[in-house]
Amino acid sequence: MAKFFKMVHNEFIKIFAKVSTKIFLLFILLMVILFNIMMRIQVNYAVSLGGQNNKEELQSLRDSDIINDKIYLEEKEFIIDNELDKSDQSTSWRETRVGAIFAQKMEFIDNNKLVLPESLKKHHDKQLELIKNNDAKAYCDYMISWVKSNNDMTQKDKDSEIWMYEFITKNNIYTPDETADGTWKSELFGNVLSQKTIYENLKENNNAGNEEDAKAFSDAEKGYLTGIYRIENNVKNVYQGNSSEFFDTKNAYWSVIGNSISLISIISLIVIIVAGAMISSEFSGGTIKFLLINPISRGKILMSKYFCLISVSYIFIAAFFVFNVIVSGCFFGFGQLNAVSLTVSNGTVVQMPALIKLASEYAIASISTVVYGTFAFMMSTLFKNSAFAIGIGVFSVTMGSTIVVMLKHAFSQDWARYILFANTDLTAVINGTTGFSGHTLSFALINIAVYMVVFLLIAWDAFTRRDIK
């Protein structure tokens, strides 16, 4: 065993003594910097789009004779007159409710005329009065009272509306407090309400025995339950992957790092280059003879090189992760280091540090790098020419998934799920986005394990039987 690890140590020295390895590490750092520059530009562009002034739309609305535009103009003028077009907690809820009031007005347009019942008009006027006074509690109390006395609503709708306003009051959503800065609670609550509707409808259909989309239900359940959890526990900083919070410089830190996972495929190319030359270069350069004069079997020599390859692969991925954590902090600030990740398990919200969640996502994504590296390592034992082994490995990364998509969608070949490249993207498997129905994580892992064993057996046979010239 001591000789084995000594050989592994020697392989490390050979790999990291090469100029190409240092270039690879520098390339990874530059790639991270360029990626963060692009993300910063994208975030700034998204923020600038969200900051357009309401006054720019007024003139075109005034010139219109369409009743919809006139109602929209009335809404915009109310927002501007009451200075609701500002991004702070006290104006955000009011602008949201104003939007709901005028949206309801739109429902009573008939032949380009507004036919609004007098009772509803008084109801709207009362709401606008409370909104002007910026009294969130009084507004919610009034709405609860109005809902209870409304005989046109079903009991189910009443319960839903009363729950909403009581939840708002209880959790101080529409009023700033010392622990919740900005508008995140009110903005999040809007999403919670939409997810709640989807979640309850799908749940009801399921209880009635109707068929449902399991993924849609799972997504709605997560959005609804985690949103409620965040508001009730005042959890502002959350890593949600590619979420709407990505377009906010204050909340983009972990989302940018999460989006960088897609670049692990480039790390795979680097690993393929290293793996493709690991054995073939020994034969083409004649240095294999110096290895074989050691009192150690060919099998152990092969395994020491493979062990070194796997270690180097994870060193590259770890460097990529660390570079991202540091560089993203430089571009977006380190204010979200205390962020958490929320998942739902059996109807219960589970919280973990965002750093741990992201590290696990990197680990899952890195399996494809190991698989492609193993494939290139096998090719290196079969061919004396390193360029040929590397070329086949690069082709497998760049074209493998395309071939699977063609077989699945263009030729409707469901057996394509058994091809290696259909299973290497475990993130897609977990999210159910591979295109194959019933494509489970266990199936993908078994598929990968079988291919890995085959690759290593072929490499073992080729290396132990290969003649030295």
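Analyst: A residue is called buried when its relative accessible area is under 20%, exposed when it is over 50%, and partly exposed in between, with a 1.4 Å probe and protein chains only. The structure is a predicted model, in which local features need pLDDT of at least 70 and side-chain atom pairs count only at pLDDT 80 or more, while totals for chains, interfaces and linings use all residues. Residues are numbered from 1 along each chain as its sequence is written, and side-chain values use heavy atoms, with hydrogens and water left out.

User: Why is T369 called buried?

Analyst: T369 has 0% relative accessibility, so the residue counts as buried. T369 belongs to helix α16, residues 354-382, where a helix is a DSSP run of H or I with at least four residues, numbered from the N terminus.

User: Which residues is T369 in contact with, apart from neighbours within four places in sequence?

Analyst: Contact requires heavy atoms within 4.5 Å. On that basis the partners of T369 are I264, I267, S268, V271, S313 and I317.

User: What makes α12 and α16 roughly parallel?

Analyst: Axes are lines fitted to C-alpha atoms, for helices over the stretch in contact, and the angle between N-to-C directions runs from 0 to 180 degrees. Angles under 35 degrees count as roughly parallel, over 145 as roughly antiparallel, 65 to 115 as roughly perpendicular, and the rest as oblique. The axes of α12 (residues 264-276) and α16 cross at roughly 25° and come within 8 Å; the two helices are therefore roughly parallel to each other. From α12 the contact includes I264, I267 and S268, and from α16 it includes S368, T369 and Y372. Its residues comprise 10 nonpolar, seven polar and no charged ones. Nonpolar stands for Ala, Val, Leu, Ile, Met, Phe, Trp, Tyr, Cys and Pro, charged for Asp, Glu, Lys and Arg, and polar for the others, Gly among them.

User: How do you know that α15 is oblique to α19?

Analyst: Helix α15 (residues 298-332) and helix α19 (residues 441-465) pack at about 135°, with axes 9 Å apart. That angle makes α15 oblique to α19. On the α15 side the meeting residues include R298 and Y306, and on the α19 side they include W460 and R465. The contact divides into nine nonpolar, two polar and two charged residues.

User: What makes the pair of W163 and F167 stacked?

Analyst: A pair of aromatic rings is described by the distance of the centres and the angle of the planes. Rings of Phe, Tyr and Trp (its six-membered ring) pair if their centres lie within 6.5 Å; planes under 30 degrees apart count as stacked, over 60 as edge-to-face, and the rest as tilted. The whole structure holds 22 aromatic pairs. W163 and F167 lie 5.1 Å apart, centre to centre, with 25° between the planes, and the pair is stacked. Both residues are in helix α8 (residues 155-170), four residues apart, about one turn of the helix. W163 is partly exposed at 26%, whereas F167 is buried at 6%.

User: Why is K196 called buried, and which residues does K196 touch beyond four places in sequence?

Analyst: The relative accessibility of K196 is 7%, so this residue counts as buried. K196 sits in helix α9, residues 184-207. Its contacts are S160, W163 and Y224.
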